[in-house]
Amino acid sequence: MAATGTTRISPADLFKDLIFWAVVSTCMFLPVVGLTTYSDQATNSFRLNFLNPDFAFGKRFGGLITTAVIVGLILAIRLFVLLRPQRSEHKTPSKFAQTMTRIGMSPWVMWFGAGLAVVFPLVMLFALGDKGSLKWIDTYGIQIMIYIMLGWGLNIVVGMAGLLDLGYVAFYAVGAYSYALLSVYYGMTFWECLPIAGFLAALWGIILGFPVLRLRGDYLALVTLAFGEIIRSVLVNWKSFTHGNDGITSIKPPTFFGIPFTAGPNGFAKTFDLAFSPIHGKIFFYYVILILAVMTAYITSRMRRLPVGRAWEALRENEIACRSLGINTTTTKLAAFASGALFGGLAGAFFAAKQGFINPESFVFQESVMVLAIVVLGGSGSLLGVVVAAILLVGGSEILRELTFMKWIFGPDFDPSQYRPMIFGLAMVSMMLWKPRGLISNRAPTVYLKERKIVSGALVQEGHG
């Protein structure tokens, strides 16, 4: 255990730093108190309007209190970071970290989480009824499962192979449009199109892999970002094929062994002598995405133990050393892009089937950022970390819609969901300060001698992992 040390910072430097962060924090939260812009027709320019007169005094007062509280929290966090003792980077995991890693490695945790996921829609149906459970199963269950599957797919590229991909949403879009076009134009069913969508997305992953074989770091991120925007531009402008911004409608949803979830005589409800309810289809969709997500987790965990998975980890730690060991980095990178794109395409096909309508606005750059944030905040290379981060980011942002009681404090026009980007940014900054390697940064090595020891998150980096 390395010895701890104390920070040496002068009062003048501390004062300057706090003043700087106070100014930055205040500028960040000026919109809370009504800072708006308006067009001045006389001078043909934009002007700032502080404390918009459209704001009521009570709402303005609440905004000022909110601003003061948030700025105070940021300054307190900054002061704590500056004054906390500095520790050596190469230290053994704490007892808490070891316990949490052992819990993550325990089989009973996997089975408990799987059982909880299986009974979730049934518990919601029993507790809230048909109408009440519809929102929870769709908005929280299915939506979170989609992002978990996307996170596990991107985890192959970012977490295992160490390749920064900012255009992962392109494979998501390829899978969605592959199923939508095949379903609308050729009448193919969901189960027929699902493997085709995954194959086409993997093919595009290989196509992306070739131009970036010699790139790394920021250059790799820029190329993948450009690839995602190119795919989106094609979807917008190729109107004769993709219908552009109008999107594709009348996409067939998946069926239960050929039985549709409709109110007709051949529907699911009539076939099993049940009263028709939309909840039947939502529960079926939930279990479909659950099976796809479990399949993704199983395959990625198995691939990590195969030679290709170990080659990915070697590539992540040090590409030069990887080449010196005789590993073909070309095929290793292509395999990582193709594998990650495959699962993104499968998730995209399910998304199109669930929505019944898609357009390019569903595959913007923000989606790539969300999936990448789930992987990084959860802990690169950690399957359990992706699950926890997806629940917090996706479920937490949706929970804001339920905070209607805050309207009693800030007025009837207050909408907590508008503050999702601000809360998301604060969460990112907090994670960078306290857990820069993610919620679950400790890893269990793939290969070990006699005893499966925990690897500290501080040692999981280039040259030390």
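K354 and D138 form a salt bridge (a side-chain nitrogen of Lys or Arg within 4 Å of a carboxyl oxygen of Asp or Glu), with their closest N and O atoms 3.3 Å apart. K354 belongs to helix α13 (residues 329-355) and D138 to helix α4 (residues 107-160), so this pair ties together parts that are 216 residues apart in sequence. Please keep in mind that this is a predicted model, in which local features need pLDDT of at least 70 and side-chain atom pairs count only at pLDDT 80 or more, while totals for chains, interfaces and linings use all residues. Residues are numbered from 1 along each chain as its sequence is written, and side-chain values use heavy atoms, with hydrogens and water left out.

- K354 is buried, at a relative accessible area of 11%; buried means under 20%, exposed over 50%, and partly exposed in between (1.4 Å probe, protein chains only).
- D138 is also buried, with 18% relative accessibility.
- By the rule above, the count is six salt bridges.

**A bridge from helix α7 to a loop**

- R232 and E361 meet through their side chains in a salt bridge, at 3.0 Å from N to O.
- Since R232 sits in helix α7 (residues 218-237) and E361 in the loop between α13 and α14 (365-378), the pair ties together parts that are 129 residues apart in sequence.
- R232 is partly exposed at 22% relative accessibility, and E361 is partly exposed at 45%.

- The side chains of E319 and R323 form a salt bridge of 3.0 Å, N to O.
- These two residues are four apart in helix α12 (residues 319-324), which means about one helical turn separates E319 and R323.
- E319 is buried, with a relative accessible area of 9%, whereas R323 is partly exposed at 46%.
- Turning back to the opening pair, salt bridges with shared partners join D138, K282 and K354 into one network.

**Confidence**

- Mean pLDDT (the predictor's confidence in each residue, from 0 to 100) is 76 for the protein, and 70% of its residues reach 70 or more.
- Over residues 45-61 pLDDT stays under 50, and the model has 34 contacts for them beyond four places in sequence.
- Where pLDDT is low, the predicted coordinates should not be read in detail.

Terms used: Contact means heavy atoms within 4.5 Å.
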